[in-house]
Amino acid sequence: MSAGRSALRMGPAELVQAAAMARRFYLEGKSKIQIAEEFGVSRFKVARVLETALERDLVRIEIRVPAELDAERSDALRARYGLRHAVVVESPADATTEDAPDPENLGAVAADLLGELVSEGDVLGLAWGRSTIHMAASLHRLPQCTVVQLTGVYDAGTAERGSVEAVRRAAQVSGGDAHPIYAPMLLPDPATAAALRSQTGIARAFDYFDKVTVAAVSIGSWEPGISTVHDMLTDEERAHYASLGVAAEMSAHLFDSEGRRVGRDLGERCITVEADRLRRIPEVVAIAGGLRKASAIGAVLRSGLVTSLVTDTAVADYLLTESAPGLRPALDRADPDDL
């Protein structure tokens, strides 16, 4: 607190009293009623004095967050999409074009967010995705919880560097049990996928899906190198799903631009958490950034499957200027197919 030039127009007694009341209220955390009793005035007088102290620059209030966080965009994005939590991170200097790589700083911020959201005894679910893998690598604190893998891996041969390792890392940090899935995300046919789901280790992980309280997922656009599922399909299959209007992918679920699920037959070939189960998870945090994913992120936000988002300023600006979703999908968990 400092006395500004305009505050000097107050008399000395007024200045001293206003400064004392402001100190009690802003620094000591006393209520207006407590201050009124101490100074022998009404609480309405205290309110007027505090208001005058702000107007005349006797008190200056600063709200500071780390430079990489954009509090204004975060709050605007949360309100616009009805998100429980929106954390917007400053985009890298080279992230102004759609061909720019995804921001690498989202993982560390998402790791800190999970440290806030997860409580002791929770079940944390991690879906495959580069963003969730980076997030797990950045974890340094996490209450004791069980960690379960929500999807198979992009390539079973890379399990040690992908989802399995992310699950192990999170469990190690938390001191809880890990339930990884040693299987590819996409199988050649539904029969093979069903057979794998019945295997003991995978079935045990699936049994935890209904117990998950917090989940972390990634989002991909329907383009080469940006969607894992897109890259695993044949050219003919990609063309088929593109004809259905797919605009986004999350955990092997496909969405059109309005957040409606398309190509549901693909799920029969995948090792992944079902959409209905995902919708029942209390907190689903999507970690995704980069302009090339902006429209896909908007589509998934409309699906009602995620509740919170960690993204960057470039994506936030895109989402804040596109047409509003109408409802509050993240809070209402509304399925666009049922509307």
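Q: What makes Glu-322 and Arg-302 a salt bridge?
A: Their closest N and O atoms are 3.0 Å apart. Glu-322 sits in the loop between helix H14 (313–321) and H15, while Arg-302 is in helix H13 (residues 294–302), so the pair ties together parts 20 residues apart in sequence. (Helices are DSSP runs of H or I with at least four residues, strands are runs of E with at least two, and both are numbered from the N terminus.)

Q: What should I know about the model behind these values?
A: It's a predicted model, where local features need pLDDT of at least 70 and side-chain atom pairs count only at pLDDT 80 or more, though totals for chains, interfaces and linings use all residues. Residues are numbered from 1 along each chain as its sequence is written, and side-chain values use heavy atoms, leaving out hydrogens and water.

Q: How do you know whether Arg-302 is buried or exposed?
A: Check its relative accessibility, which is 11%. Buried means under 20% relative accessible area, exposed means over 50%, and partly exposed is in between (1.4 Å probe, protein chains only). Arg-302 therefore counts as buried, and Glu-322, at 16%, is buried too.

Q: What makes Asp-335 and Arg-279 a link between distant parts of the chain?
A: Asp-335 and Arg-279 form a salt bridge at 3.4 Å between the closest N and O atoms. Asp-335 is in the segment after helix H15 (329–332) and Arg-279 is in helix H12 (residues 275–280), 56 residues apart. Asp-335 has a relative accessible area of 13%, so it is buried; Arg-279 is buried as well, at 15%.

Q: How many salt bridges turn up in the whole structure?
A: The search finds 13. Asp-210, Glu-274, Arg-277 and Arg-280 are linked in a network of them.

Q: Which residues touch the most other members of the largest nonpolar core?
A: Leu-77 and Met-250, out of 47 residues. A nonpolar core is a set of buried Ala, Val, Leu, Ile, Met, Phe, Trp, Tyr and Cys residues joined through side-chain atoms within 4.5 Å. H13 gives the largest share, 6 residues.

Terms used:
Salt bridge = Lys/Arg side-chain N within 4 Å of Asp/Glu carboxyl O.
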